[in-house]
Amino acid sequence: MKMEPFALERWMTTWETKVQYDIAESGILPLRIHDLLDLLPESERPAALSSLVDLRLGYSEACGTAELRSLLASTYKDCSPENILITTGAIEANFLLFNILLEPGDHVVACYPAYQQLYSVPRGIGCDVALWNVRAENGFRFDLGDLEKLVTPKTRLIVVNTPHNPTGAMLSEADLRRVYALAESVGAKVLCDEAYRWLTVPGGDPFAPPMFDLGPRGISVGTLSKPFGLPGLRIGWIAARGDIPARCWAMRDYVSLSPGRLNDALAILAMRHREKIFERNLRIITANLAEANRWFAEHAGVISWNPPSGGLLALARYNLDIPSLELSNRLAERYSVMLAPGSAFGFEHHLRIGIGQDPSVFATGLQRAAVCFAEVAGKRPAAAAHSE
Ligand SMILES: Cc1ncc(COP(=O)(O)O)c(C=O)c1O
């Protein structure tokens, strides 16, 4: 398999440990183990802590514990623990699915721009990948008419992602049903990357049901990374029917074998108390959305956005005569601010912003970014590298 470099990951790893104001952050501000324990009534915390500390760190159940899979299965319609396979994040879930579902030469339709894995892995397998473009002209919305033109009798898989990374666009229930019907009409399956599931945005769109719920051709991929602020647990999953979970599991035997036992235990704790985590998410998102709307209004001549309809991300367009990679590097190096270059998503003169960061970090990051824009526009002197 020949893989293209993962452009965004390469750029992120250059800066993510160096900058102070990461406002390109793709998830919600991560939780600490303490925060997870604090989700419990006070009287239950000592016993929960002891059980974590006493946990013998042997291999875990290879497909994830029955308890975790049951908790996840209960979030889908007519889903049993056998339909769920725990994976090392959504990234492994997608990777396994592409590898068991696709053969070289297969026709695949994948949304674009996208989390690069969603089209690069099918390409690496040797598939013929048609891109379903989310166009900037219509405010980064999915156009189902465009998808209809791309799907052919040879299409084996349609790959969608809602809420969408990097634009924050959402597919409505009616849209998703059309995607499913299109796939059904040609005998294809639909892989829906739902990494941003549960991340509702005030004033945004209502969430459609997960793809698994739409029928036997629907496959959902989920993760605790974004909506739970637990990317370090590396817990993702596949929800699928028939032999798909078992076939992915058989391939996973060669890759990561099983989830970490401690990670599985913490994931159970998080899943049991998810409503409290979602309340915290909403507080963070509401504060950052208000701050971002104020900031975009104040700097409307330089930068504009369509706030996310769901999830945490948006692609903002700027009117400055500088390529996005150069601008992102300048922001990181001189202003300690991370805003991801649109070029990593094929969109020049755009920056990807995430509204999941700690609100005070987010607000300062925006202020510093505005100073950088003024400097680039020639209205301020240049800042020294690594300035505070
Ligand atoms: C759309 C999408 N899918 C999958 C992933 C992978 O997430 P993880 O492996 O942390 O669950 C990401 C991470 O940014 C993402 O944005």
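Q: Which residue forms a salt bridge with Arg330, with the closest N and O atoms 2.4 Å apart?
A: In this predicted model, the two partners lie in distant parts of the chain, with Arg330 in helix H12 (residues 324-335) and the other residue in helix H13 (residues 359-376), 45 residues apart. Side chains of opposite charge can pair when their charged atoms come close. The residue whose closest atom is 2.4 Å from that of Arg330, N to O, is Glu375.

Q: Is Glu375 buried or exposed?
A: A residue counts as buried when its relative accessible area is under 20%. Arg330, the salt-bridge partner of Glu375, is partly exposed because its relative accessibility is 22%. Glu375 has a relative accessibility of 7%, and therefore counts as buried.

Q: Which residues are linked with Arg135 in a network of salt bridges?
A: One of the pairs is that of Arg135 and Asp143, whose side chains meet in a salt bridge at 3.4 Å, N to O. Asp143 is partly exposed, with a relative accessible area of 25%, and Arg135 is also partly exposed, at 28%. The residues linked with Arg135 in the network are Glu137, Asp143, Asp146 and Lys149.

Q: How many salt bridges does the structure hold?
A: Among them is the one in which the side chains of Asp35 and Arg32 meet, at 2.8 Å, N to O. Arg32 has a relative accessible area of 54%, and is therefore exposed. For the structure, the number of salt bridges is 16.

Q: What percentage of the area that the ligand exposes when taken alone does the protein bury?
A: The ligand is surrounded by 14 residues, of which the closest are Ala90, Asp193, Thr223, Ser225 and Lys226. An oxygen atom of the ligand lies 3.1 Å from a backbone N or O atom of Ile91, and an oxygen atom of the ligand is 2.8 Å from an N or O atom in the side chain of Arg234. Taken alone the ligand exposes 400 Å², and the part of this that the protein buries is 94%.

Q: Which residue in E6 is the bridge partner of Val159?
A: Strand E5 (residues 155-161) and E6 run parallel and are joined by 5 bridges. In E6, the partner of Val159 is Leu191.

Q: Which strands stand at the edges of the open sheet of 4 strands?
A: The order of this sheet is E9-E10-E13-E12, with antiparallel pairing. E12 pairs with strand E13 (residues 350-354) over 2 bridges, and the bridge partner of Pro341 in E13 is Leu351. Each edge strand has a single partner strand, so one side of each is left without a neighbour in the sheet, and these strands are E9 (303-304) and E12 (340-341).

Q: What is the area of the nonpolar surface patch made by Met1, Met3 and Phe95?
A: Met1 is found in the segment before helix H1 (7-15), and counts as exposed because its relative accessibility is 54%. The patch that Met1 makes with Met3 and Phe95 has an area of about 280 Å².

Definitions and conventions: Residues are numbered from 1 along each chain as its sequence is written. This is a predicted model: local features need pLDDT of at least 70, side-chain atom pairs count only at pLDDT 80 or more; totals for chains, interfaces and linings use all residues. Side-chain values use heavy atoms; hydrogens and water are left out. Patches are made of residues with over 30% relative accessible area and no salt bridge: like charges are joined within 9 Å, nonpolar side chains (Val, Leu, Ile, Met, Phe, Trp, Tyr) within 5 Å. Accessible areas come from the Shrake-Rupley method with a 1.4 Å probe; for residues, only the protein chains shown count as cover. A salt bridge is a side-chain nitrogen of Lys or Arg within 4 Å of a carboxyl oxygen of Asp or Glu. Buried means under 20% relative accessible area, exposed over 50%, partly exposed in between (1.4 Å probe, protein chains only). A residue is near a molecule or strand if one of its heavy atoms lies within 4 Å of it. A polar contact is a pair of N or O atoms within 3.5 Å; within protein, one must be able to donate a hydrogen and the other to accept it, and residues adjacent in sequence count only if both atoms are side-chain atoms. Two strands pair if DSSP finds at least two bridges between them.
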